[in-house]
Amino acid sequence: MSSSRMKSVYIKLISIAAVVVTAFLLLSISRNSLTFSLRTPRTKSIDDLSPDFYRNIPDDIYSCVKTTKTYEYDFDNTDLYLLPSKENMCAMKTEDLEKLYQMYLGTIQTICKRPLRLGNRIDGGWDLCVEKQFLTPGACQVYSFGINYDFTFDDEIAKEFDCKVHSFDPSMDQESYQRSKNPFVYFHDIGIASKSQQVIGNKEWRMLTMKDTMTELGHKTIPDVIKMDIEYWEWDVLPNILSSSLLPKQFAIEYHLWDASYTTKKVVWLHRLWILKDLYDAGYRSFWVNRNLPCTFKSELTLKYIYACHEVSYVRIENDIRT
């Protein structure tokens, strides 16, 4: 056999051996990965659970966007921007849904005779209605979700109205502790979600539903006030609270849009507006609105600058008309 032919055979043998070794290594890695995944339950990442434009959107919305009907909202001849039926919203154009969302969240729906801002006078403070039917001094309980190291609202409502305040935020580098006993403020290293679970944020976050939060704290009575500034999670949490009928006398909520790329998705606008419709139908009326002026972006749908953050305060003054 010539030397050139022997060299060719040798190269082929080396190539075959390399393929066999590579296949063996890949099979071993695959088996080890499978064993690890079977033995170790995966804790979800916060990015997996952020309520983006597909997460938690009901099937009814995906069905309704297929409608061939059309509905024109009369923006020019209304003094109070109320939401039409869910069926009619599905028949609206996407750009009109964007406009309706902006107009609706800028509308005051009722009058509170005694509104009061508590906490920071700029970002971090919240406006509540301190009429006695909505907040009784010495006999009030507050759940404050989303702190980000700013306790000014929690501390002031505890001090001025002798409310028992429970503050929640899993994103802070802080374990649960008694912040003050008199007035009563207790911080909990817990977040709120539509499902009780562990997720990974900057650390492992413990998330509980509203019902499980009350059970954890041993509370039998619904809090008088629920404040939420939880960075998009409100769209995940509110349907759960509304369906559980754990309805407070007041809500103070910051609503967040995601970013400009989501403005072209009709299902996103419908999801948000349907939740706002359910809140209205549960008897809540806005008495205070604050647009977070630095929180804006240019809509990819309409090419207009829109507000992405609205702080809205509600009182519950009507009966629940949901069926």
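Visitor: Which strands does α9 lie across?

Guide: Helix α9 lies across β12 (250–256), β13 and β16. It runs at about 170° to β12. Keep in mind that this is a predicted model.

Visitor: How many helices and strands are in the chain?

Guide: The chain has nine helices and 16 strands. Of its 323 residues, 46% count as buried. The accessible surface comes to about 17,400 Å². Carbon and sulfur atoms hold 53% of that surface.

Visitor: What share of contacts join residues at least 24 apart?

Guide: Take the contacts between residues at least 6 apart in sequence. Among these, 65% join residues at least 24 apart.

Visitor: Where does E87 lie, and is E87 buried or exposed?

Guide: E87 lies in helix α4, residues 86–90. The cut-off for exposed is over 50% relative accessible area. E87 has 51% relative accessibility, so E87 counts as exposed.

Visitor: Now the sheet. In what order do the strands of the open sheet stand?

Guide: Read the order as β6-β7-β5-β4-β11-β12-β16-β13. That makes eight strands, with mixed pairing. On average, neighbouring strands are turned by 20° against each other, direction ignored.

Visitor: Which strands stand at the edges?

Guide: An edge strand has a single partner, so one of its sides is left without a neighbour in the sheet. Here the edges are β6 (177–180) and β13 (284–291). The partner of β13 is β16, residues 309–316, joined by seven bridges. Strands β13 and β16 run antiparallel. Find W288, and you will see S313 of β16 opposite.

Visitor: Which strands does helix α7 touch?

Guide: Helix α7, residues 210–217, packs on the sheet. It touches β4 (141–145), β5 (164–168), β7 (185–188) and β11 (225–228). The direction of α7 makes about 125° with that of β4.

Visitor: How should I read the two faces of a strand?

Guide: In a regular strand, side chains alternate between the two faces of the sheet. Now look at β4. On one side are Q141, Y143 and F145, and on the other V142 and S144. Both faces are covered, and these residues are all buried.

Visitor: Why is β4 described as largely enclosed?

Guide: Five of the five residues of β4 are buried, so the rest of the structure largely encloses this strand. Strand β4 is joined to β5 by five bridges, and the two run parallel. K164 in β5 is the bridge partner of Q141.

Visitor: Let us turn to helix α8. How many of the residues of α8 are buried?

Guide: Eight of its eleven residues are buried, so α8 (residues 234–244) is largely enclosed by the rest of the structure. The buried ones are E234, W235, D236, V237, L238, N240, I241 and L242. Their cover includes α5, β8 (191–192), α7, β11, β12 and α9.

Visitor: At what angle do α5 and α9 pack?

Guide: Helix α5 (residues 94–105) and helix α9 (residues 266–281) pack at about 35°. Their axes are 9 Å apart. The crossing is left-handed.

Visitor: Which residues make the contact of α5 and α9?

Guide: From α5 come T94, L97, E98, L100, Y101, Y104 and L105. From α9 come K266, W269, L270, R272, L273, L276 and Y280. The contact residues divide into ten nonpolar, one polar and three charged.

Visitor: Some backbone details, please. Which residue follows α8, and what is its phi?

Guide: S245 follows α8, with a positive phi near 65°. S245 is not a glycine. Its place is the loop between α8 and β12. S245 counts as partly exposed because its relative accessibility is 47%.

Visitor: Where is D162 found, and what is its phi?

Guide: D162 is found in the loop between α6 (152–161) and β5. Its phi is positive, about 55°, although D162 is not a glycine. At 44% relative accessibility, D162 counts as partly exposed.

Visitor: Which residues does the cis peptide bond join?

Guide: The cis bond joins N182 and P183, with omega about 10°. Look for P183 in the loop between β6 and β7.

Definitions and conventions: Residues numbered from 1 in each chain as written. Predicted model: local features only at pLDDT ≥ 70, side-chain atom pairs only at ≥ 80, totals over all residues. Heavy atoms only, no water. Axes fitted to C-alpha atoms, helices over the stretch in contact; angles between N-to-C directions. Helix = DSSP H or I, 4+ residues; strand = E, 2+ residues; numbered from the N terminus. Left-handed = near helix turned anticlockwise from the far one by under 90°. Contact = heavy atoms within 4.5 Å. Nonpolar A, V, L, I, M, F, W, Y, C, P; charged D, E, K, R; others polar. Buried < 20%, exposed > 50% of the residue type's maximum accessible area, 1.4 Å probe, protein only. Pairing = 2+ DSSP bridges. Areas by Shrake-Rupley, 256 points an atom, 1.4 Å probe, with all protein chains shown as cover.
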